[in-house]
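Colleague: I would like to learn how to read a model of this kind. Please take me through it one feature at a time.

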Amino acid sequence: MLFSSTVQANDKPFSIAIHGGAGTISKAKLTDEQQQAYRDKLKQAVDAGYKVLKQGGDSIAAVTTAINILEDSPLFNAGKGAVYTFDGGHELDASIMDGKTMNAGAVSGVKHIKNPIDLARAVMDKSVHVMLSGSGAEEFALNQGFTLVPNQYFDTNARYQQLLDAKAKIHSQQQKGLDYQASHQQLDANYKFGTVGAVALDKSGNLAAGTSTGGMTAKRFGRIGDSPVIGAGNYAENGVCAVSATGHGEYFIRYHVAGDICARAKYGQKSLLQAADEVINQRLITAGGTGGVIAVDHLGNIATPFNTGGMYRATRKSGEEAQVMIWRDN
C-alpha cells in the first residue's frame with residue numbers, strides 16, 4: 001500500500017509557465033545574440049521553477065524561484081532591468097497569490113527592494129495586509145530583515161535610452177499642443193508595459209501566481225499598474241487556475257483580466273484555453289487593450305495567449321522538456 005501511494009503521488013501532474021513581457025518584439029530588431037540571451041534566461045528560470053516542483057516543493061516556492069531569476073536579469077522590465085520613471089528613478093511593483101489559501105501579498109512603488117516578489121511574499125505570509133506601498137512597504141521590509149539597495153542598482157543604459165526617447169516624444173507632442181494625457185497616449189505600446197511573471201501547479205494540486213514589474217517608461221505621479229493588483233495582474237484559485245498578466249496595465253485593471261479568466265473557467269465551465277483566449281483576443285482587443293497572460297489550470301494545462309507581436313515565455317510540464325517561445329511560431 002505504501003508503494004502504491006508513492007506511485008500515485010509521483011504521478012500527480014505539475015506544471016509551470018513564465019513570461020518576460022509582451023510587446024511588438026520585432027525579429028528584425030533582435031540580433032541572434034540578443035534572441036539567444038532571452039531564450040537562455042527564460043529556460044534557466046523555467047527549469048529552476050520546474051526543479052522545485054519535481055522535488056516536491058510547493059507552487060509558491062516555484063513561482064518565486066523563477067521570478068527571482070528574471071528580476072536579477074537586466075533583460076526584463078522587473079528588478080535589475082526596471083524602466084525609468086519620468087523623473088529618472090525606478091519604482092517597482094509586485095504581487096503573489098496562493099491558490100490554496102486565497103491569501104495574497106503585493107507591494108507598489110518600492111524603490112530599494114532588489115527582488116520585489118520576495119517582499120510581496122513576505123506581505124502575504126508575515127503581515128495582516130494584502131498591499132503595502134512606497135516607504136511603508138520598505139519599512140516593513142526592514143522589519144522583516146530585508147537589505148535595501150540604492151535606487152541606482154536598477155540603472156541600465158538601455159532603459160535610460162528608452163526614457164530619453166520617451167521624454168523626447170512626449171515633449172514633441174506637447175509642443176504640438178497636446179496635454180499630458182494625449183501626449184502620453186501617442187507613445188508606442190512598448191513604452192507602456194513590460195513585466196515578468198510565473199504560474200505553477202505543484203504535486204499537491206496547489207496553484208500559485210506571481211508578477212513583478214518596473215512599470216511604465218516615463219511614468220509619473222506615483223502611477224501603479226496592474227501587476228500588484230490581485231485579479232488584474234494575477235490571480236490563483238485551487239481547483240480552477242492561476243494567471244499572471246503582462247500588458248497595458250490600465251486596461252488589465254479595468255477589465256479584471258486575470259480574475260475574469262478564472263471566473264470564465266470556474267462558472268462558465270470553459271477550458272483554460274478558451275477562457276484565456278476570450279479575454280485576451282476578444283474582450284481586451286475590443287476595448288483597445290494590448291498584452292497577454294500565462295495561465296495553468298488544476299490539471300496542469302497551460303495557456304499563453306497574447307495579442308501583441310510577441311511575448312517572452314517558457315513552459316514546462318511534468319516529464320517534459322522546457323518550451324521556450326517569443327513569437328507565435330516559436
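Modeller: Start with the sheet: 8 strands form an open sheet with mixed pairing, in the order β4-β3-β2-β6-β5-β1-β11-β12. Strands (E, at least two residues) and helices (H or I, at least four) are DSSP runs, numbered from the N terminus. Two strands pair if DSSP finds at least two bridges between them. This is a predicted model, where local features need pLDDT of at least 70 and side-chain atom pairs count only at pLDDT 80 or more, while totals for chains, interfaces and linings use all residues. Residues are numbered from 1 along each chain as its sequence is written, and side-chain values use heavy atoms, with hydrogens and water left out.

Colleague: Which strands stand at the edges of the sheet?

Modeller: β4 (131–133) and β12 do. Each has a single partner strand, so one side of each is left without a neighbour in the sheet. On average, neighbouring strands here are turned by 5° against each other, direction ignored.

Colleague: In what sense do β1 and β11 pair, and over how many bridges?

Modeller: Strand β1 (residues 15–23) pairs with β11 in the antiparallel sense, over 7 bridges. The hairpin of β11 and β12 has 5 residues between the strands, and in it G319 takes a positive phi near 80°.

Colleague: Is β11 mostly covered or uncovered?

Modeller: The general idea first: in a regular strand the side chains alternate between the two faces of the sheet. Buried means under 20% relative accessible area, exposed over 50%, and partly exposed in between (1.4 Å probe, protein chains only). Strand β11 (residues 310–317) is mostly covered, with 7 of its 8 residues buried. Helix α2 (residues 32–54) lies across β1, β5 (195–201), β11 and β12, and runs at about 30° to β11.

Colleague: At what angle do the axes of α4 and α5 cross?

Modeller: Axes are lines fitted to C-alpha atoms, for helices over the stretch in contact, and angles run from 0 to 180 degrees between N-to-C directions. Under 35 degrees counts as roughly parallel, over 145 as roughly antiparallel, 65 to 115 as roughly perpendicular and the rest as oblique. The axes of helix α4 (residues 116–126) and helix α5 (residues 134–143) come within 10 Å and cross at roughly 75°, so the two are roughly perpendicular.

Colleague: Which residues meet there?

Modeller: Contact means heavy atoms within 4.5 Å. L119, A122, V123 and K126 in α4 meet A137, F140 and A141 in α5. L119 is buried, with a relative accessible area of 0%. Beyond its neighbours within four places in sequence, L119 touches residues including V107, V110, I113 and F146. L119 and F140 are 21 residues apart in sequence and 8.8 Å apart in space, C-alpha to C-alpha.

Colleague: Which cysteines form a disulfide?

Modeller: A disulfide is a covalent bond between the sulfur atoms of two cysteines. The rule used is a pair of cysteine sulfur atoms within 2.5 Å, and the count comes to 1 disulfide. C241 and C262 form it, with sulfur atoms 2.3 Å apart. C241 lies in strand β8 (residues 241–247) and C262 in helix α9 (residues 257–267), so the pair ties together parts 21 residues apart in sequence. The torsion about the S-S bond of C241 and C262 is about -135°, so the disulfide is left-handed. Both C241 and C262 are buried.
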